[in-house]
Amino acid sequence: QVQLVESGGGLVQAGGSLRLSCAASGRTYNPYAVAWFRQSPGKEREFVAAISWDGGTTAYLDSLKGRFTISRENAKNTVYLHMNRPEPEDTAPYYCAAAGGPGFSPSSTPRTKFGYPYWGQGTQVTVTS
């Protein structure tokens, strides 16, 4: 079983920056892709960004391109979400999710929540204006 733990959330001013981390532990079935999702109150869980096992493929919510960057350090089993120039509309709990195992493509980046069987508990991000 894979355990995912997010950290780095908190209060940030609009226009600032914040880095979220997602650390994987337990039985990590390589290769695995990791994604970030967020879910504002009353809304569906929304895809934010994903990165493939080899780091060569990334995907983003269109409205976040250029502001958010996803990266990973496989040696540390950690994936990061760099939030640059966040806006109040980015306020939400952020969740990381993982998918992978034997036969999983190292370049795959699923973009829907249904593609990820493993989830963290979330970290709250609050952007103040």
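Me: Which face of β11 is covered, and which one is uncovered?
Reply: In this predicted model, the covered face of β11 is made of T123, V125 and V127, while Q124, T126 and T128 make up the uncovered one.

Me: And which way does β2 run against β11, parallel or antiparallel?
Reply: Strand β2, residues 10-13, runs parallel to β11, and four bridges join the two; within that pairing, G10 stands opposite V125, a residue that belongs to the covered face of β11.

Me: How many bridges are there between β9 and β11?
Reply: There are three bridges between β9 and β11, and here the pairing is antiparallel; P93 has Q124 in β11 as its bridge partner, and Q124 is one of the residues on the uncovered face.

Me: What does L81 touch, leaving out residues up to four places away in sequence?
Reply: With those left out, L81 touches L18, R19, L20, W36, V48, A49, F68, T69, I70 and Y94, so that list includes both W36 and Y94, which stand beside L81 among the residues with the most contacts inside the core.

Me: OK, disulfides: how many does a search of the whole structure find?
Reply: The search finds one disulfide, which joins C22 to C96 with an S to S distance of 2.1 Å.

Me: Which handedness does that link have, and are the two cysteines buried or exposed?
Reply: The link of C22 and C96 is right-handed, with 60° about the S-S bond, and both cysteines are buried.

Me: Last topic, backbone: what is the phi of N77, and of R85?
Reply: Most residues other than glycine have a negative phi. N77, however, has a positive phi of about 50° although it is not a glycine, and R85 likewise has a positive phi of about 50° without being a glycine.

Me: Where are they, and how exposed is each?
Reply: N77 is in the loop between β7 and β8 and is partly exposed, with a relative accessible area of 25%. R85 is in the loop between β8 and β9 and is also partly exposed, with a relative accessible area of 46%.

Technical notes
Residues are numbered from 1 along each chain as its sequence is written. This is a predicted model: local features need pLDDT of at least 70, side-chain atom pairs count only at pLDDT 80 or more; totals for chains, interfaces and linings use all residues. Side-chain values use heavy atoms; hydrogens and water are left out. A nonpolar core is a set of buried Ala, Val, Leu, Ile, Met, Phe, Trp, Tyr and Cys residues joined through side-chain atoms within 4.5 Å. Buried means under 20% relative accessible area, exposed over 50%, partly exposed in between (1.4 Å probe, protein chains only). Contact means heavy atoms within 4.5 Å. A disulfide is a pair of cysteine sulfur atoms within 2.5 Å. Two strands pair if DSSP finds at least two bridges between them.
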